[in-house]
Amino acid sequence: MPKKRSSRRQTADNQVQLPLLPLKDMVIFPRMVAPLMVGRPKSIIAVEESLASGRPLFLCKQIDGSIEDPGRSDLHDVGVAVNILQTLRMPDGAMKVVIEGVVRAELEKLLPEEAHLEAQVLLDSLEHEELEEPSEEDEARVRVALGYFQEFVRTTQRVSPDVVSSLRELSHPADVSDIMCAHLPLRVEERQELLECPPGGPRLDQISSVLMRELELQGIEQRVRDKVRDQMERNQREYFLQEQLRAIQQELGQTDEGSEYSELHDMIAKARMPKEFAQKALRELNRYERMPPMSPESAIIRTYLEWLCEIPWRKRTRESTDIERAQKLLDIRHCGLKKVKELILEFLAVRITGGARRKGPILCFVGPPGVGKTSLGQSIADATKRKFVRVSLGGIRDEAEIRGHRRTYIGALPGRIVQSIRRAGVKNPLFMLDEIDKMSMDFRGDPASALLEVLDPEQNKAFSDHYLEVDVDLSQVFFIATANSEYDIPAPLHDRMEIIRIPGYTSFEKEEIAEKHLVFRQVWDAGLNNALKFSPEAIREIIERYTREAGVRDLERRIGQVCRKVALDILTDKADPIQTMSREDVRAYLGPPEYSENLADEEPRPGVAVGLAWTQVGGDILHIETLLMKGKGNLHLTGHLGDVMKESAQAAHAYIRAHCEELGVPEDFYKDTDVHIHVPEGAIPKDGPSAGVALMVSMVSALRGIAPFSRMGMSGEITLRGRVLRVGGVKEKVVAAHRAGLFTIVLPRENERDVLEIPEQVTKELDFVYADNISDVLRIAYCHLAPDKEPTKPAKKAASRSAKKPAKKTSTRGKKS
């Protein structure tokens, strides 16, 4: 019969005071021998107190190991009383302690002690008052746990088999569970849960569950290891057999004509790449031949060789040298843009006449959206019979997009430049870099800097791609870039390109584009064929009252909208099969006009002058109003004016004060009179120096109480010396003045040459007067007030024109800024 053992119970006699050693990341069980490193001062004193007093040392795990001075709430409720077997002082003052777990104990409270932590604990009873045999249920639990533990020891080989032998000599469940817990590879939290579990049956059940889980994980790990080992053995066997087959074929003088090696070798021979590049390709091919087919490196090398062979090293298209054909093609496809087309033809002529000596320029088309920058590039490609390739650079912020990724990266590819050359299939395509002003940069590099080598004629003959690792010749590529804003192009790139500025279309050019291209395309897309036509008045109505843009994209959308509505009416029997769209029909289909007409006043008024403005969508007129009021000589400016325009008003005000007698205004007006200048449509920001002349005329008119010459628009920058300086945007401003019904245009003398670029249908209906200084402008503005002098030519023409036709009929086109 086995020995009977007492059941454990807790009484008040087991309540003792012991020095406390808190553990950060360790749990000790009874019967467990383990070394500890003690470093905290209070912990070292607690060990010394245990040795001096002969009392056991109480070990308890902290809830949070980062706390250096734990309190009661920072400790778990259950720990272990241990005996100290050995101590060793370390050179750094710490202490190495070897302990042996004695009995499980519950922490009741901490006692006040300054030098070290002292705890009142309740020990599990070790006295055997009654000897009784464990119950059959407990004995079964022991056997189940022992079986699982023995299997765990056999499969993992992490625990010595002697432990299983020692466990078989124990009969009480608490002792068995303590030994097992000490040897299980568990996390600290799980070990603490087992320690807090009552010893005996409940703890054995939990140990059995843990062992079952570990055995299942061991089985899965073993299956994975077996699968990997079988795969490796299979690959090694296939490689060995393939090498044997290759050796046998070489001995017999036989080769596999259809093998991948032969295929790649033929591709390299047909690629006609430069000699040094072919040698590099052959070296890579030899590496590929020696590699096992299942190796990941073999797929990388094959892809690399395919890219090398598919680059058009010598293939090129025969470029057309017919400059007349290019001119005719540009005229047919693009209305207006006369100066732009002349510049393009000049560059094409240089490329044709230069032959192999020339290093072609890098063109950059700069202009607002919708003016035809990309379509111009396509037309140039068709005119020169080059392949057309377009790459959008908008939003690119990684240098590898241009130069490619190095082959060390998974999924590496060449950059967009090399990819596009391969897609074109020739070495001299027309390459369009779209939206070059919208690139950005981040931690992955600056793509604009990578483009410097591409767009430099001195360097692009040896462009280096990170993936190919060989130089690609881009010197025969015709590069054209596009941008919306010239100021957003990086300065180094800007320096390497020839800038061709494409202005917005005038209303006359838009009408011509709509009649020749847009209407036909939209009617055809709507499936109407010849069932719909647009009158010139209808097209003009859409341009002036429903769109406000520099290009023609919105105009085409509006025409398409009308065509779709007409198609719907035809299918629902609401419209005639053949219809000519009139102005009234446009309003019926598109609804009320979105933009109002901005016309000049019919009657002149004191203090009101008409200025001319340039906008991104064309030109416009500005009614500049001046009002006088009693005050202290202050100048008030309203109408959402920018700093430059405000400074122009201040310069005009200062000039008037300095030349009161010459200008015929009261000499002391600035002492008791405030001047308020306002430019209507205050929600629209306005800026620039070109309104200086109009501001001057408006203030002089208000101070003299006399209205300036009617139907006159003006533009020019002024100085404090009274000079009138050159301004820009003359074409757009004059077209806007004509549309608003003005008769006379006053411009700086230096802008006289700019009038030559204005359409003839505009200039023949306007009178242009050029001024060198303020006196010239005021003489023109008030020439109708000189009774002793013969009226000037502008005054005569304006008078006769006003008499022949009303002002409303002279302007049927309106525009809003």
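A residue is called buried here if its relative accessible area is under 20%, exposed if that area is over 50%, and partly exposed in between, with a 1.4 Å probe and protein chains only. By this scale C364 is buried, at a relative accessible area of 0%, and C563 is buried with a value of 0% as well. The structure holds 0 disulfides, a disulfide being a pair of cysteine sulfur atoms within 2.5 Å.

The model is predicted, with local features requiring pLDDT of at least 70 and side-chain atom pairs counting only at pLDDT 80 or more, while totals for chains, interfaces and linings use all residues. Residues are numbered from 1 along each chain as its sequence is written, and side-chain values rest on heavy atoms, with hydrogens and water left out.

Helices (H or I, at least four residues) and strands (E, at least two) are DSSP runs numbered from the N terminus, and two strands pair if DSSP finds at least two bridges between them. In these terms, an open sheet of 5 strands takes the order β8-β9-β12-β7-β13, with parallel pairing. The edges are formed by β8 (388–392) and β13 (498–501); each has a single partner strand, so one side of each is left without a neighbour in the sheet. From one strand to the next, the twist averages 20°. Within this sheet, β7 (residues 363–366) and β12 (residues 478–483) run parallel and are joined by 4 bridges. One of the residues involved is L363, whose bridge partner in β12 is I480.

Helix α12 (residues 373–384) packs on the sheet and touches β7, β8, β9 (430–434) and β12, where contact means heavy atoms within 4.5 Å. The direction of α12 makes about 175° with that of β9; axes are lines fitted to C-alpha atoms, for helices over the stretch in contact, and angles run from 0 to 180 degrees between N-to-C directions. Helix α14 (residues 416–424) lies across β8 and β9, at about 155° to β8.

A further set of parallel strands involves β23 (residues 744–748). Here 5 of the 5 residues are buried, so β23 is largely enclosed by the rest of the structure. Strand β20 (residues 712–714) is joined to β23 by 3 bridges, and G713 has I745 as its bridge partner in β23.

Turning to the rings, the structure holds 4 aromatic pairs. Rings of Phe, Tyr and Trp (its six-membered ring) pair if their centres lie within 6.5 Å; planes under 30 degrees apart count as stacked, over 60 as edge-to-face and the rest as tilted. Among them is the tilted pair of F277 and W313, with 5.3 Å centre to centre and 50° between the planes. This pair links distant parts of the chain, 36 residues apart: F277 belongs to helix α8 (residues 275–290), and W313 to the loop between α9 (296–310) and α10 (323–333). Both F277 and W313 are buried. Another pair, F669 and Y670, is edge-to-face, at 5.8 Å and 85°. F669 is buried, with a relative accessible area of 4%, whereas Y670 is partly exposed at 26%.

Charges also meet rings. A charge sits over a ring if NZ of Lys or CZ of Arg is within 6 Å of the ring centre and within 35 degrees of the ring normal. R422 lies over the face of W307, 3.9 Å from the ring centre, and the charged end of R704 sits over the ring of Y782, at 4.8 Å from its centre.
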